[in-house]
Amino acid sequence: MVSALVAEQGREITAAELSALVRLLLIAGFETTVNAIGSGMRWLLADPEQWELLVHDPERSPAVAEEVLRFDPPVQQTARVARQPTEVGDVVVAMNQWVITLLAAANRDPDVYPAPNRFDITRQSPVEHLAFSGGIHYCLGSPLARLELTQAFRALAERFPRLRQPAGRGSAGPRPSRSDQS
């Protein structure tokens, strides 16, 4: 992808745009995956029954990846600008008004997901979660992210089946993102 973007430099894309895109791809693809793996292990180890399900059947790793993305997505919220007046529920959003969407809250909607606040790797979700956003904003890296998460959870279950609790610095919660660090 980077090679294709470089080939367009000077024609369709400026050097500044190329630099910004490459940084975005690196951060979006790396930072989110690292945090999803850490978050997933946190929830798996918090519920030994869930961890044992994965250890005894590593073929569940795609389901683990999907449940981690639904339950505790690495991107919790995003912002959009209304391009036209829009009504959301009982609220009118004016044209050009910023709206913050809470993707993580939508993934816990009890009208969509049974027992939405339970981390459950056996969940059969009726709809796709919004961890990768939607529509024209759908994450172009979602297939790679799913593959990386699936392989990471499979490898961790196969290589470290006796893992029982997080340890070390930061084991109390997810790693802070760059925007959280001052």
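Which elements each supply at least two residues of the nonpolar patch?

Reply: Happy to take you through it. This is a predicted model, in which local features need pLDDT of at least 70, side-chain atom pairs count only at pLDDT 80 or more, and totals for chains, interfaces and linings use all residues. Residues are numbered from 1 along each chain as its sequence is written, and side-chain values use heavy atoms, with hydrogens and water left out.

The elements you ask about are α1 (2-8) and α2 (15-46), each with at least two residues in the patch. Helices here are DSSP runs of H or I with at least four residues, strands are runs of E with at least two, and both are numbered from the N terminus. The patch is made of M1, V2, V6, V22, L25 and L140, and together they have about 510 Å² of accessible area on the surface. That area comes from the Shrake-Rupley method with a 1.4 Å probe; for residues, only the protein chains shown count as cover. To join such a patch, a residue needs over 30% relative accessible area and no salt bridge; nonpolar side chains (Val, Leu, Ile, Met, Phe, Trp, Tyr) are joined within 5 Å, while like charges are joined within 9 Å.

Look at L25, which sits in helix α2. L25 has a relative accessible area of 30%, so it is partly exposed. The terms work like this: buried is under 20% relative accessible area, exposed is over 50%, and partly exposed is in between (1.4 Å probe, protein chains only).

Now to the aromatic rings. The whole structure holds three aromatic pairs. In one of them, the ring centres of F71 and F119 are 5.5 Å apart and the planes meet at 65°, so this pair is edge-to-face. F71 belongs to helix α4 (residues 61-71) and F119 to the loop between α5 and α6, so the pair ties together parts that are 48 residues apart in sequence.

Arginines join in here. R108 lies over the face of F71, 3.8 Å from the ring centre, and R70 lies over the face of Y113, at 5.3 Å. This counts when NZ of Lys or CZ of Arg is within 6 Å of the ring centre and within 35 degrees of the ring normal.

Salt bridges come next. Side chains of opposite charge can pair when their charged atoms come close. A salt bridge needs a side-chain nitrogen of Lys or Arg within 4 Å of a carboxyl oxygen of Asp or Glu, and a search of the whole structure finds eight. One of them joins E52 to R164, with the closest N and O atoms 3.2 Å apart. This pair links distant parts of the chain, E52 in helix α3 (residues 48-56) and R164 in the segment after α6, 112 residues apart. E52 is partly exposed at 25% relative accessibility, and R164 is partly exposed too, at 46%.

E59 and R154 meet in another salt bridge, 3.1 Å from N to O. Here the loop between α3 and α4, which holds E59, is linked to helix α6, which holds R154, across 95 residues. E59 is exposed at 57% relative accessibility, whereas R154 is buried at 17%. D57 and R60 also form a salt bridge, at 3.9 Å from N to O. Finally, E66, E128 and R146 are linked in a network of salt bridges.

A last stop is the backbone. Most residues other than glycine have a negative phi. N96, in the loop between β3 (91-93) and β4 (98-101), has a positive phi near 70°. A115, in the loop between α5 (103-106) and α6 (142-159), has a positive phi of about 45°.

How values were computed. Phe/Tyr/Trp six-rings, centres within 6.5 Å; stacked < 30°, edge-to-face > 60°.
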